[in-house]
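Please look at the sequence and the model first, and then read on.

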Amino acid sequence: MSFFSYTSVENIKAENNQVLGIVDLQTNEIAVSMLMNAFIFEKALMREHFNESYVESDIYPKAIFEGVISDFDPTLSGEQTRIIQGNFSMHGVTKQLEIKTKIERRERTYILSGTFETIVQDYKIKIPPLLAGNIAKTISVDFRFECLPYEE
């Protein structure tokens with residue numbers, strides 16, 4: 001999972017590999033849990049500001065998405081483009097999202113990938129007026145999950 005924020009002052013990009021995603025192929029439900037303090041930034045100061053001042057990861061340690069993949073047929077080989085509808089919770093706020101997702105089946109592996117935009121203000125993330133020009137109002141979020149069948 002990664003995000004990108006463009007501003008005229010400085011671009012901000014971060015990646016997070018501590019994300020857990022589960023897809024139930026019987027019901028087409030999906031759940032994703034992500035540790036907010038696991039984002040890796042180019043600069044340590046960006047990471048500190050992100051965790052302490054903006055997402056307050058000590059108070060809100062995780063972001064969670066729960067949804068359903070519309071019209072998904074897990075038996076089809078190859079690629080499908082589907083809409084995932086669900087609730088995204090971050091920073092104590094839950095919003096409904098619709099995410100266009102590419103789902104590729106390679107033998108037993110399902111690869112889900114896509115991009116969605118999120119508005120910082122929607123999640124009550126406070127940005128000091130002095131820094132408002134340094135933080136984009138809309139953040140682009142990219143994701144790519146490789147899911148294997150669960151075996152007991």
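The model is predicted, so local features need pLDDT of at least 70 and side-chain atom pairs count only at pLDDT 80 or more, while totals for chains, interfaces and linings use all residues. Residues are numbered from 1 along each chain as its sequence is written, and side-chain values use heavy atoms, with hydrogens and water left out.

**The sheet**

Helices (H or I, at least four residues) and strands (E, at least two) are DSSP runs numbered from the N terminus, and two strands pair if DSSP finds at least two bridges between them. An open sheet is formed by 10 strands, in the order S3-S4-S6-S7-S8-S9-S10-S1-S2-S5, with antiparallel pairing. Strand S3 (19-24) and strand S5 (40-41) are at the edges with a single partner strand each, so one side of each has no neighbour in the sheet. Strand S10 is joined to strand S1 (residues 2-5) by 3 bridges, and S10 pairs with S9 over 10 bridges. Val141 in S10 stands opposite Phe3 and is also the bridge partner of Phe116. Elsewhere, 6 bridges link the antiparallel strands S6 and S7; Ile69 is found opposite Ile84 in S7.

**The nonpolar core**

A nonpolar core is a set of buried Ala, Val, Leu, Ile, Met, Phe, Trp, Tyr and Cys residues joined through side-chain atoms within 4.5 Å; buried means under 20% relative accessible area, exposed over 50%, and partly exposed in between (1.4 Å probe, protein chains only). The largest such core has 39 residues, and among those with the most contacts inside it are Met1, Phe3, Met36 and Phe65. Helix H1 (44-54) and strand S4 (29-35) are among the elements that each supply at least two residues of this core, and its largest share, 5 residues, comes from S10. Taking contact as heavy atoms within 4.5 Å, Met36 touches residues including Phe50, Val55, Tyr60 and Met90, when residues up to four places away in sequence are not counted.

**Pocket and cavity**

On a 1 Å grid over the protein atoms alone, a cavity is a set of points where a 1.4 Å probe fits but cannot get out, a pocket is an open set with protein on both sides within 12 Å along at least five of seven lines, and lining residues have an atom within 4 Å of a point. Grid points are joined across faces, edges and corners, and a volume is the space filled by probe spheres set on the points. The whole structure holds 1 cavity of 30 Å³ or more.

| Space | Volume | Lining | Residues nearest the centre |
|---|---|---|---|
| Largest pocket | about 620 Å³ | 32 residues | Phe3, Ile12, Phe50, Tyr54 and Ile135 |
| Largest cavity | about 160 Å³ | 15 residues | Met1, Val32, Phe65, Ile99 and Phe145 |

H1 gives the largest share of the pocket lining, 5 residues.

**Two loop residues**

Most residues other than glycine have a negative phi. Glu107, in the loop between S8 and S9, has a positive phi near 55° and counts as exposed at 71% relative accessibility. Lys124, in the loop between S9 and S10, has a positive phi of about 55° and is exposed, with a relative accessible area of 58%.
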